[in-house]
Amino acid sequence: MLNQTSVTEFLLLGVTDIQVLQPVLFVVFLAIYIVNVAGNGVIMMVVTSDPKLHSPMYFFLGNLSCLDICYSTVTLPKVLKNFLSIHKTISLLGCISQLHFFHFLGSTEAMLLAVMAFDRFVAICKPLRYTLIMSHQVCTQMAVTIWIIGFFHALLHSVMTSRLNFCGSNHIHHFFCDVKPLLELACGNTDLNEWLLHSVTGAIAMGPFSLTFLSYFYIIIYLFFKTRSCSMLHKALSTCASHFMVVVLFYAPVVFTYIRPASGSSMDQERIIAIMYSVITPVLNPLIYTLRNKEVEGALRRVIRRRL
């Protein structure tokens, strides 16, 4: 039996309701989006065009850059439009679609960061078997697997959310459609949806985070007992520093948003945290990787010389 809903569209209240700030925020968010697309696009171009970067580490980095561009594109164009628009509505179908792709790309990135940590673990702790363990076929299979898992994880939330009855207010206290704000507008019982959000999404977030943490912990322990040299330990960990920064910037706000109980934070806090992982983190990734990675810098210079 199909579920009937009286609400056919929602009103996104946005980042702030202060009208004088809307044009300023439009310029700021537009600049961030342009830097995000340009920076991650350059990384994708360099990784695919430079033969010296055809390795598992940069294969996954290319995937991360692709995810970051798509991740921001799910929300930012609509946010930018709403900054300059009087009618800030989104259809029910558009809202569910945005929710789906947001969780699809977000959960895929969470798992990809764990795969990248595993790649660094194998490279440092199993160097003689690295090419065998992280072959091109294995890397491709791992990438395809996490994209598929991310898609079905998001499909679970989008299907379950679309079955809810929205018969009251249609005002979403957020700048994009997400599960938690929509659950607050639902008229029926949302216990199952909340359980799925905290358990399934929690597992998608905490599982890769735990694997990432264990990978770095094992790397430190392995190098400490293997070399007993602070200089070699520092050199090896410096190759992982940029990845670790990305992990912290991504997981910290995600855990805060989806693991904490809904009563533990206000809507303003939710929006600020959402800006961190959906807007700020994707634009910082290319800066972190290029500023701290001499191989990427060298490849970028070679690409520029070829273009000139």
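**Salt bridges, packing and surface**

Analyst: This is a predicted model. R302 is partly exposed, as its relative accessibility is 23%.

User: Which residue does the side chain of R302 meet in a salt bridge?

Analyst: The bridge spans 3.0 Å, N to O. It links distant parts of the chain, 252 residues apart. R302 sits in helix α10 (residues 294–307), and its partner lies in the loop between α1 (22–49) and α2 (56–83). That partner is D50.

User: Is D50 buried or exposed?

Analyst: The relative accessible area of D50 is 2%. Buried means under 20%. Therefore D50 is buried.

User: How many salt bridges does a search of the whole structure find?

Analyst: One joins the side chains of R302 and D50. Another joins R120 and D119 at 2.9 Å, N to O. Both R120 and D119 are buried. The search finds two.

User: Is α3 roughly parallel or antiparallel to α5?

Analyst: Helix α3 (residues 92–125) packs against helix α5 (residues 136–162) with axes 8 Å apart, at an angle of about 150°. Angles over 145 degrees count as roughly antiparallel. So α3 is, relative to α5, roughly antiparallel.

User: Which helix holds M206, a residue of the nonpolar surface patch?

Analyst: The patch includes M206, F209 and L211, and its residues together have about 880 Å² of accessible area. M206 is partly exposed, with a relative accessible area of 31%. Patch residues need over 30%, so M206 passes that cut-off. Its place is in helix α7 (residues 191–227).

How values were computed
Residues are numbered from 1 along each chain as its sequence is written. This is a predicted model: local features need pLDDT of at least 70, side-chain atom pairs count only at pLDDT 80 or more; totals for chains, interfaces and linings use all residues. Side-chain values use heavy atoms; hydrogens and water are left out. Patches are made of residues with over 30% relative accessible area and no salt bridge: like charges are joined within 9 Å, nonpolar side chains (Val, Leu, Ile, Met, Phe, Trp, Tyr) within 5 Å. Accessible areas come from the Shrake-Rupley method with a 1.4 Å probe; for residues, only the protein chains shown count as cover. A salt bridge is a side-chain nitrogen of Lys or Arg within 4 Å of a carboxyl oxygen of Asp or Glu. Helices (H or I, at least four residues) and strands (E, at least two) are DSSP runs, numbered from the N terminus. Buried means under 20% relative accessible area, exposed over 50%, partly exposed in between (1.4 Å probe, protein chains only). Axes are lines fitted to C-alpha atoms, for helices over the stretch in contact, and angles run from 0 to 180 degrees between N-to-C directions. Angles under 35 degrees count as roughly parallel, over 145 as roughly antiparallel, 65 to 115 as roughly perpendicular and the rest as oblique.
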